[in-house]
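Reader: I have a protein model open and would like to learn how to read its features. Please take me through a few of them.

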Amino acid sequence: QVQLVESGGGLVQPGGSLRLSCAASGNIFSINYMGWYRQAFGKRRELVASMPWGGSTNYGDSVKGRFTISRDNAKNSTTLQMNSLKPEDTAVYYCRMIVANTSIRYYEVWGQGTLVTVSS
């Protein structure tokens, strides 16, 4: 069993920065995919940033140039650095990973979500 624990959400003023973190624990052999998604009230969940193993980083159009995803393979974790935040970035942010366990079975795992509120 694999679990994801997110941290770093909160209230920030427009133009400010926040850093979200997500760490995986459990029966992990490798992590093939790490990504961040968000869901604003009344809207569909959307991709924010993704980083597949050995692949290119991908960002949603609305966050390009402002957000940066990174991963630490030794710690089975990913970080989303969010700069120049706007009120429209307000949402619950979710971490998603595709994990292979030691039996080389693949699982899609989601974090519990962390609320980011951008407001003055």
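This is a predicted model: local features need pLDDT of at least 70, side-chain atom pairs count only at pLDDT 80 or more; totals for chains, interfaces and linings use all residues.

Reader: What is a disulfide, and which residues does the disulfide join here?

Author: A disulfide is a covalent bond between the sulfur atoms of two cysteines. The rule used is a pair of cysteine sulfur atoms within 2.5 Å. The count comes to one disulfide, and C22 is joined to C95 with an S to S distance of 2.2 Å. The pair links distant parts of the chain, 73 residues apart: C22 is in strand β3 (residues 18-26) and C95 in strand β9 (residues 91-100). Strands are DSSP runs of E, at least two residues, numbered from the N terminus. The S-S torsion is about -85 degrees, so the disulfide is left-handed.

Reader: Is C22 buried or exposed?

Author: Buried means under 20% relative accessible area, exposed over 50%, and partly exposed in between (1.4 Å probe, protein chains only). C22 is at 0%, so C22 is buried. C95 is also buried, at 0%.

Reader: What does R38 pair with in a salt bridge?

Author: A salt bridge is a side-chain nitrogen of Lys or Arg within 4 Å of a carboxyl oxygen of Asp or Glu. By this rule there are five salt bridges. R38, in strand β4 (residues 30-39), pairs with E46, the closest N and O atoms being 2.7 Å apart. R38 is buried at 5%, whereas E46 is partly exposed at 35%.

Reader: Which residue forms a salt bridge with D89?

Author: R66 does, with the closest N and O atoms 2.8 Å apart. D89 lies in the loop between β8 (77-82) and β9, and R66 in the loop between β6 (58-59) and β7 (67-72). D89 is buried at 1%, and R66 is buried at 10%. Salt bridges that share partners join R38, E46, R66 and D89 into one network.

Reader: Which residues make the nonpolar surface patch?

Author: Patch residues have over 30% relative accessible area and no salt bridge; like charges are joined within 9 Å, and nonpolar side chains (Val, Leu, Ile, Met, Phe, Trp, Tyr) within 5 Å. Accessible areas come from the Shrake-Rupley method with a 1.4 Å probe; for residues, only the protein chains shown count as cover. Here F29, I104 and Y106 make a nonpolar patch of about 350 Å².

How values were computed
Residues are numbered from 1 along each chain as its sequence is written. Side-chain values use heavy atoms; hydrogens and water are left out. Helices (H or I, at least four residues) and strands (E, at least two) are DSSP runs, numbered from the N terminus.
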